[in-house]
Amino acid sequence: MEYLYSILILVGIYVVLASSFNLIIGTAGLVSIAHPIFFALGAYTAGLLAIHFGLNPFAAAAVGAVVAGVFSLMISLPSLRVSGDYLLITSIGFQLGLLQVIKNLELTGSQGGLNNIPTPIAGPERGWIFSAVSLAAAAATVLVIRWIVRGPYGRAIRAMRDDELAFLALGRDATRMKIMIFAVGCAFAGMAGAIYAFYFQYVSPEQFEILASGTMLTMVVVGGMGSTWGPVVGAVLLLALPQAITFLRLPLAYMAPLQGMIFTLLVILFLFLRPQGLVAPEAPSPVRARRK
Amino acid sequence: MDSRAAMLDPAVLAQILWTGLATSSYMVLFTIAFALVLKVLKLWNFAQAGMMAIAFYVMYAAVNHFNWPTAAAVALGFAATLAATLAYEVLGLRTLRARRSSSLLFFIFTLVCSEFTAYALTLIFGTEPVPLFPEILSPTRIVGSVAVSNWDLLAVCVTLVLGIALALYLRLSRDGQFLLAVSDSAELAELYGIDAKRAYVVALTIASVFACAGMYLYGSRTAVIPTAPLQLMLFAVIATLLGGMGSVVGAILAAVFLSLLQSYSVLIIPSQWQGLILYVFLFVTILFFPNGIHPGALLRRLGLA
């Protein structure tokens, strides 16, 4: 049963990650792959606050989300004032640079990772309470993002993504909008990190390397970039896939690379055969179009 | 002599300079490959990390599993890299270009190709670091007060020969001129009858040569894991940014400068923090020199010219 709960918790966490990554990359068209580092920032912040200050987990998660959002400004402010391409390069540099810091700081547990994060709940109820919190966080994230994307602000984001020049000609501030969307997406990742830290009670730097970006990218591309429900489908499907591979009973050394190969191959196949993903982005309905 | 004075000893500084220059050789080769593809194809070719990994592991398998002589192993490594690169161009990039795909899809494709290669090589070769040859130390001689190894000489010579050959090829050959024309404007070049697709293939072929040579030098001195080329490629990306996008010469100078900076940093920065210098430079470049550092413009900005 504990195994099932841990899968449900991971589903919730990855739905938050994939949906918020989709907001950045799919809806706003911002090219960044550093989402795992914001996940890490939330996890480490919440873990450290719980270890050293005994902070309430909800408050620690909120601080984790804020820290991730604020750190996102370190990337977006310098790079987005120049061009979108720079966001990609800066994000990779930021991810690898910050991981280097985490690996060398005693405070963050160095290479060995941060362990002994206190769990807020003990006993047999722990699994289902964490599952409920994780799935509730996922539902809240999807609904908030859906609300943003379907509203006037969402239409403005898509207009900016599709034709930035025309958007600027209308007197709108594209850079400010990109910075805002990037910060919101990263804050959600920080919140997911806090849930991860409190449930697993251990985080280590190698969980957040560039290859972790590939997993999130796969969920978004396979699910459907730019669609609200696509990343949800992608996250569930790609978390189910490794469970299916376990039936092959391969040695552990083969499992991780095989899973990675399947994920990346799926992205390549979807890019060429079904670029819209499993769930295509919703077209604006005629009624909504008239209201515009 | 205390340790600080010993660090400022001219002999120590000269040794760091020479070792830094020799170490910069493979970084320069990776940077040339990256900068050339960016210049001609207008593509941030993150798949270069995959090319580099294929080059290394094919050479490694040929030398260590099949006992091939070095020259044959290098030739096989290059052939395999070139085959993978051409498949990547013909089956992947051309399709995306034909569909007029967004830069986001190009980026995802190049990155995922690299990751797929890293996973495939991990599955085959594992995560244990392996050098190209069982022995990574090469004979050393003292020149003046500087220790110069055979590897240092080979690295500097290979880089110089390939760099000069590329410069001559771009300046003197017809295909080289076509590459420059396509890098200025592919559409305009095609109007003049230049085959842009061919230019792209030529640029990727040259990039394969440089990636393969760089991995030979790197792998003959350091043990490699399948994800190592991703980190090496980031150096090339930063050097390309610092040198000014579109300027291969600027990228080469930036690569040498960054390598030397990392080498000299041993004097003041603990070794575990040296990797951070690169990322600090990335931020400084993007904050203050988003179009790269052009020496003339920098001097003008500082009021020195």
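This is a predicted model: local features need pLDDT of at least 70, side-chain atom pairs count only at pLDDT 80 or more; totals for chains, interfaces and linings use all residues.
Residues are numbered from 1 along each chain as its sequence is written, and chains are lettered from A in the order in which they are written. Local features need pLDDT of at least 70 and side-chain atom pairs count only at pLDDT 80 or more, whereas totals for chains, interfaces and linings use all residues.

**Stop 1: the A–B interface.** Show both chains. Here 36 residues of chain A are in contact with 31 residues of chain B; contact means that the C-beta atoms of two residues, placed from the backbone, lie within 7 Å. Next select helices H3 (57–80), H4 (84–104), H9 (210–223) and H11 (252–273) of chain A, the elements that each give two or more residues to the side touching chain B. Helices are DSSP runs (H or I, at least four residues), numbered from the N terminus. Colour that side of chain A by class: 25 residues are nonpolar, ten polar and one charged. Ala, Val, Leu, Ile, Met, Phe, Trp, Tyr, Cys and Pro count as nonpolar, Asp, Glu, Lys and Arg as charged, and the others, Gly among them, as polar.

**Stop 2: a helix pair in chain B.** Select residues 228–243 (H10) and 248–264 (H11) of chain B, which pack at an angle of about 120° with their axes 7 Å apart. Axes are lines fitted to C-alpha atoms over the stretch in contact, and angles run from 0 to 180 degrees between N-to-C directions. Among the contact residues are Phe235(B) and Ile238(B) of H10(B), and Leu253(B) and Leu258(B) of H11(B).

**Stop 3: H10 of chain A.** Select residues 230–245 of chain A. This helix has 16 residues and reaches 23 Å from its first C-alpha to its last, close to the 22 Å expected at 1.5 Å a residue; the expected span is 1.5 Å times one less than the number of residues. Its buried residues are Gly230(A), Pro231(A), Val232(A), Gly234(A), Ala235(A) and Leu238(A). Buried means 20 or more other C-beta atoms within 10 Å, exposed 12 or fewer, and partly exposed in between, with C-beta atoms placed from the backbone.

**Stop 4: two loop residues.** Asn116(A) lies in the loop between H4 and H5 of chain A. Its phi is near 60°, positive in a residue other than glycine, and Asn116(A) counts as exposed, with 10 C-beta neighbours inside 10 Å. Then go to Gln201(A), in the loop between H8 (174–200) and H9 of chain A. Phi of Gln201(A) is also near 60°, but Gln201(A) is partly exposed, with 15 other C-beta atoms within 10 Å.
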